[in-house]
Amino acid sequence: MSPVLELADVVRRYPQADGSELTVLDSVSLTIRAGETVSVAGRSGSGKSTLLHLAAGIETPSDGTVRLGGQELAGLPDSERSRLRGRFVGLVFQFFHLVPYLSVRENVLLPARIAGVSRVPDNGAPPTEVGAAADRLLSAVGLERRAREPARRLSGGEMQRTAIARALLLQPALLLADEPTGNLDARGATRVAELLFRLVRERGAGLLLATHDPELAARADTRLRLRAGRLTVDGAAPSPGSE
């Protein structure tokens with residue numbers, strides 16, 4: 001099975017005011033195939049969000065290659081990277097990024113509206129109308145009774161469940177989740193974690209998850225950690241001076 005995401009020897013540097021460069025990611029390599037779940041842990045500022053931004057084509061690497069759905073992102077214009085992201089990637093953020101005055105259902109439908117599509121893949125079945133797909137996802141996340149309410153009336157856990165449904169609407173091959181339980185209480189975090197992994201596996205998507213939460217990280221098939229800009233298997237001893 002072809003990888004949905006490949007990072008090979010990726011480096012990300014940022015220029016500093018004094019003329020130097022800060023290396024946030026250093027020779028990072030990672031491959032994710034459909035159905036695989038990978039968590040990346042690390043301290044705040046360790047580069048987890050940068051890694052996800054590179055995987056989505058939101059940022060481009062200083063060195064190395066990133067392939068999304070088999071397409072190398074280097075040299076592509078912003079519009080083409082955006083098109084690939086819309087086709088292959090679903091995004092879940094710590095702060096939800098819902099439109100508060102839109103209804104829950106309207107928020108879930110936003111990716112289809114932006115992409116200008118009226119029918120979406122249906123987990124191996126013939127394409128289905130986007131409204132029907134949104135309704136099924138809202139039922140799957142337990143929000144069918146709140147579909148018509150403005151998003152601003154939801155609890156934090158309900159907002160994140162809405163965001164997960166939105167991210168899965170176009171049946172992406174890869175889901176990128178950045179601290180998806182970071183703003184939730186323990187009960188809400190557990191429910192969102194269970195829902196996230198269940199829906200990803202049901203749909204056969206790959207998952208790259210950045211988190212501080214060891215319990216959430218432990219749910220993934222592969223657990224990694226960012227230390228001093230490098231990926232290691234979680235639990236491996238850090239190299240001298242890396243922390």
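The second largest pocket of this predicted model is lined by 19 residues. K48, S49, H53, D178 and E179 lie nearest its centre. About 250 Å³ of space lies in this second largest pocket. The largest pocket holds about 650 Å³. Salt bridges in the model come to 13.

**Second largest pocket**
- Two or more lining residues come from each of α1 (48-56), β6 and β9 (174-178).
- Helix α1 gives the largest share of this lining, five residues.
- By class, the lining of the second largest pocket has nine polar, seven nonpolar and three charged residues.

**Largest pocket**
- The space in the largest pocket is about 650 Å³.
- Its lining has 23 residues, and R85, G86, V89, P111 and L170 are the closest to the centre.
- The elements that give two or more residues to this lining are α2 (78-88), β6 (89-92), α3 (104-115), β7 (119-122) and α5 (156-168).
- The lining of the largest pocket has 15 nonpolar residues, along with four polar and four charged ones.

**Salt bridge D63 to R13**
- The side chains of D63 and R13 meet in a salt bridge, 2.9 Å from N to O.
- D63 sits in strand β4 (residues 63-68) and R13 in strand β1 (residues 3-15), so this pair ties together parts 50 residues apart in sequence.
- D63 is partly exposed, at 37% relative accessible area.
- R13 is also partly exposed, at 27%.

**Salt bridge R83 to E80**
- R83 forms a salt bridge with E80, and their closest N and O atoms are 2.7 Å apart.
- Both residues lie in helix α2, three residues apart, about one turn of the helix.
- R83 is partly exposed, with a relative accessible area of 41%.
- E80 is partly exposed as well, with a value of 24%.

**Salt bridge R105 to D135**
- A salt bridge joins the side chains of R105 and D135, 2.7 Å from N to O.
- R105 belongs to helix α3 and D135 to helix α4 (residues 130-140), so the pair ties together parts 30 residues apart in sequence.
- R105 has a relative accessible area of 16%, so this residue counts as buried.
- D135 is partly exposed, at 36% relative accessibility.

**Salt-bridge network**
- R146, E149 and E158 are linked in a network of salt bridges.

Note on methods:
Residues numbered from 1 in each chain as written. Predicted model: local features only at pLDDT ≥ 70, side-chain atom pairs only at ≥ 80, totals over all residues. Heavy atoms only, no water. 1 Å grid on protein atoms, 1.4 Å probe; cavity = no way out; pocket = protein on both sides within 12 Å on 5 of 7 lines; lining within 4 Å. Points joined across faces, edges and corners; volume = space filled by probe spheres on them. Helix = DSSP H or I, 4+ residues; strand = E, 2+ residues; numbered from the N terminus. Nonpolar A, V, L, I, M, F, W, Y, C, P; charged D, E, K, R; others polar. Salt bridge = Lys/Arg side-chain N within 4 Å of Asp/Glu carboxyl O. Buried < 20%, exposed > 50% of the residue type's maximum accessible area, 1.4 Å probe, protein only.
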